[in-house]
Amino acid sequence: MRYLRFFFVLFPLLIGNKLYAQPKVPDQKMRWFADAKLGIFIHWGIYSVNGISESWSFFNNYINHNAYMKQLDGFTAAKYQPATWVNLIKESGARYAVITTKHHDGVALWDSKMPGATTTVKHSAAKKDLITPFVSELKKSGLKTGLYFSLPDWSYPDYDGFTRDRNRYEYKQDPARFKKFQNYFHGQLNELSSQYNPDLVWFDGDWEHSGEEWQAKQILENLRKANPNVIINSRLNGHGDYDTPEQGVPVLKPASPEWELCYTMNDSWGYQPYDNHYKSPNMIIRTLVDCISMGGNLLLDIGPKADGTIAPEQVKILKGLAHWTQKHAEAIYGTQAGIPSGHIVGKTSLSKNKDVLYLYLDYKTKNGILLSGIKSKINKIEIVGSKAQIHSIKLNETDYLLNLKEPDFDSDVTVIKVSLDGPIELADSKQAALSLADLYAAPKENELTSLSLNKLAGNLNAGINIFQNSSLPADGLDFDPGIKNADQKVSNWVIKNAEALYKTGKGIPGGHYQGNTALSADKQTLYLFVEGTPTGPIAIKGLKNDISRIRIVGEGTMLPHEIYNKLYWSKIPGMVYIPLPEDKLDPELTVIAVLLDRPVDLYREKVGAIESNL
């Protein structure tokens, strides 16, 4: 058939191979964590009274320490209902929760008996132990218990650190005084361990001292003596079990076998009434998918108010998340990192046995979805959540065109389940150049024109520009490819989008943008190829540049953009979100031009903790 013959030319010769290096099998104690995928972080403390930065506000001298601590008088927890919290957390689809037992300000939310401790029981208007009832409800619900604990205590009189420009003493000059602090915070950790038997301890603030000064080995020994299976995050000077990137969604899969992105709903960890920069449920769902596709977890933060209620904006996000997780549970829990990019425009994950491939699509399309390079035999393809069967066309030995009906698409992220006859095997591919003749002679059968344009976009992304030595002008006018009986759809698209084809070169590396890209000759304009109709704003990760303007190629329509999670003075770029008006989308393939302030500059380094909150 003509379309089959076309695709043998269109797609490169493929050589079968086993899936890339097998990931490390999680330690037994890490299995629940590796399978959980979603947790809820809770930053609750006296900082919610004034809606100021948790602890950092006095550390940075935005408010003096005495004024900061006066918030204890307004921290009532009068409407605190831990069972309601836990029900909402469980409904969201989370499998564990991590609550702040003590932030850097030193205020303990449990009834700490250590001499000199500042607690909500003795010193706040609440007069309550706030941790015990919450942990009790967590354990009754079956959710795993995580306790956040700050290593520094900027309020404790025998801790050396106090504010950014004032220390109480020099640690090395008064080791006896620091020893008092070590005994104090080790005692608090022992209280938490013995009273609550946490599944996970989430440390923070380790940058202020070395592991030896924190006595990290002793901390681990004590915690594991009480519970050999307790999991520790990485913020104990490298002594923990898993990595915790903060705020910036990793561009590349972290090296640690298990990892967790801690992430805010707006720009704040604790409750701040005037921070309305909330992400939409759609953005949060897609961030969760991003983490799943790289084999990690999302630890999504909420910041309750001083009275113990949760802001309606935060409840709305958790409810929206719940709607998606409940529908797609089998494609969330117990999955592992997916296949390398380039096989589909979208994210992927695999079942534990690697015999099920999950495809996550955050767009809708009538043009079919190309799944390429799958050497394994496919037994069945269906929609997760409805079990609706998907009609597919086998284009050649490794490539498939998947056709979904309009009702099959999810409003946020559609998940397709591809069941294989054994552990997945992929085909290695080398990008083959598409000739002008192949492009313009695109077959009419099965509406495959859009796929030929996708192949063109893939060529451009790889640095193959078949228009480089043609007579195509920058505006596309009067261009004649010299092809008889040329596909008119292709011809019209090329003329409309000539700017993105004229002297453009290789796009940006994978991980920064979900689809194909190209760069102008001066590398200062980034072209994004957009599939179908996105369910939310398209996203760019790890872009260091400032953006001068964004427009739709061929239309000229100017577009806004918004940046999330570019916080404090961190060098880690925020996430760029670009909303696309549906009435301006190209029926075949939309191209967006992003004009940068200088040649493209990308962040691909490891995302770690933010150690300074200015």
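What is the handedness of the crossing of α15 and α16? The crossing is right-handed, where right-handed stands for a near helix turned clockwise from the far one by less than a right angle, and left-handed for anticlockwise. The contact itself brings together Thr-449, Ser-452, Leu-453 and Leu-456 of α15 with Lys-489, Val-490 and Trp-493 of α16, contact being heavy atoms within 4.5 Å. Sorted by class, that makes 4 nonpolar, 2 polar and 1 charged (nonpolar is Ala, Val, Leu, Ile, Met, Phe, Trp, Tyr, Cys and Pro; charged is Asp, Glu, Lys and Arg; the others, Gly among them, are polar).

A word on the model: it is predicted, with local features needing pLDDT of at least 70 and side-chain atom pairs counting only at pLDDT 80 or more, while totals for chains, interfaces and linings use all residues. Residues are numbered from 1 along each chain as its sequence is written, and side-chain values use heavy atoms, with hydrogens and water left out.

Back to the helices (H or I, at least four residues; strands are E, at least two; both are DSSP runs numbered from the N terminus). α15 covers residues 449-461 and α16 residues 488-496, and the two pack at about 40 degrees with axes 10 Å apart; axes are lines fitted to C-alpha atoms over the stretch in contact, and angles run from 0 to 180 degrees between N-to-C directions. α15 and α16 are therefore oblique to each other (under 35 degrees is roughly parallel, over 145 roughly antiparallel, 65 to 115 roughly perpendicular, the rest oblique).

A second pair is α12 with α13 (residues 312-327), packed at about 50 degrees with axes 9 Å apart. This pair is oblique too, and its crossing is right-handed. On the α12 side the contact includes Pro-281, Ile-284 and Leu-288, and on the α13 side Ile-317, Leu-321 and Trp-324 are among the partners. By class, the contact has 8 nonpolar, 2 polar and 1 charged residues.

The structure holds 7 cavities of 30 Å³ or more, a cavity being a set of points on a 1 Å grid over the protein atoms alone where a 1.4 Å probe fits but cannot get out. α12 gives the most, 5 residues, and β15 (356-361) and β24 (525-530) are among the elements supplying at least two. The lining splits into 16 nonpolar, 7 polar and 6 charged.

Technical notes:
1 Å grid on protein atoms, 1.4 Å probe; cavity = no way out; pocket = protein on both sides within 12 Å on 5 of 7 lines; lining within 4 Å. Points joined across faces, edges and corners; volume = space filled by probe spheres on them.
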